[in-house]
Amino acid sequence: MTPLDTAHAAMEAAPEDDAVRLAFYERLADAELYLLLTAEPEGAALDPRIFETSQGTFVLVFDRAERLAEFAEGEAPFAALSGRVLTGMLQGQGVGMALNPGVASSSFLLPAASVDWLVETLADAPDEVEARPTELRVPHDLPERLLTALDAKLATATGLARMAYLVEATFEGGGVSHLLAFIDATKGAEGALSRAVREVLVFSGLEAGALDVAFFDASDSMAARLARVGLRFDLPRFEPPERAAPGSDPEKPPKLR
């Protein structure tokens, strides 16, 4: 069972549960997907195999290379892309995604309209404010599904920060909310981390909830205070790949032919 299999099974078992459905879409956005191609990639251009059905036009994607090979009955050209990158490439083209067709329990058709909705949901940016916490306390009364979703999301934030602490904080001016403070964030990663936290709220069905984000260096005195009372999340370290794969550079996404 892959994470997408598990999320899909939960969605199928509770079709009326919006939080479970949203959790599946979050897993899809975060997953590495293998896009079946008609030919090996040429530069930044990809030529995906198209699947025509009565429900629309779809590209074929798999969450394991072995599943793609099973569908293709042998080796076949593909590109490995995150769900986030792939949906962005498909936006507005009237093309959906066929996930694991016929090779896994998570076989699922994501129509073009759902692709566009997912891209728009992922594109929304959080508001930015400047405020420093004056008091820190142990976090409490947080929904279990929020903590589970936060743990899963940060596990995908490879190399973006060393760690994060979740606390309850009082800010200058008297405001109180829960705060997720990242320690030693990679330069330029602040926006991606803030959006990731917002996605946790949206895809957990808790968009109206408040979870602020802050960034501190390990040398800042605030880091030691956070460590004393905070719930700690360690982020995976970045291991450079042997060679760059199509879609691995978010500044230079591949293009579909």
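**Exercise 1. Is glutamate 199 buried, partly exposed or exposed?**

*Solution.* The model is predicted: local features need pLDDT of at least 70, side-chain atom pairs count only at pLDDT 80 or more, and totals for chains, interfaces and linings use all residues. Residues are numbered from 1 along each chain as its sequence is written, and side-chain values use heavy atoms, with hydrogens and water left out.

Step 1. Recall the classes: buried means under 20% relative accessible area, exposed means over 50%, and partly exposed lies in between (1.4 Å probe, protein chains only).

Step 2. Glutamate 199 has a relative accessible area of 4%, so this residue is buried.

**Exercise 2. Describe the salt bridges of arginine 27 with glutamate 26 and aspartate 30.**

*Solution.* Step 1. The N to O distance is 3.9 Å for arginine 27 and glutamate 26, and 3.5 Å for arginine 27 and aspartate 30.

Step 1. Arginine 27 and aspartate 30 are three residues apart in helix H2, and therefore about one helical turn separates them.

Step 2. Arginine 27 counts as buried at 19% relative accessibility; glutamate 26 is buried at 2%, and aspartate 30 at 19%.

**Exercise 3. Classify the ring pairs Tyr25–Trp117 and Phe182–Phe215.**

*Solution.* Step 1. Rings of Phe, Tyr and Trp (its six-membered ring) pair if their centres lie within 6.5 Å; planes under 30 degrees apart count as stacked, over 60 as edge-to-face and the rest as tilted. The whole structure holds six aromatic pairs.

Step 1. For tyrosine 25 and tryptophan 117, the centres are 5.2 Å apart and the planes lie at 75 degrees, so the pair is edge-to-face. It joins helix H2 to helix H5 (residues 112-123) across 92 residues.

Step 2. For phenylalanine 182 and phenylalanine 215, the centres are 5.6 Å apart and the planes lie at 15 degrees, so the pair is stacked. Phenylalanine 182 is in strand E10 (residues 176-183) and phenylalanine 215 in strand E11 (residues 211-216).

Step 3. Phenylalanine 182 is buried at 0% relative accessible area, whereas phenylalanine 215 is partly exposed at 29%.

**Exercise 4. Describe the largest nonpolar core.**

*Solution.* Step 1. A nonpolar core is a set of buried Ala, Val, Leu, Ile, Met, Phe, Trp, Tyr and Cys residues joined through side-chain atoms within 4.5 Å.

Step 1. The largest one has 29 residues, and Leu33 and Met97 have the most contacts inside it. Helix H2 (residues 18-30) gives the most to this core, with five residues.

Step 2. Another core, of 18 residues, lies apart from it and includes Leu154 and Phe233.

Terms used. Helix = DSSP H or I, 4+ residues; strand = E, 2+ residues; numbered from the N terminus. Salt bridge = Lys/Arg side-chain N within 4 Å of Asp/Glu carboxyl O.
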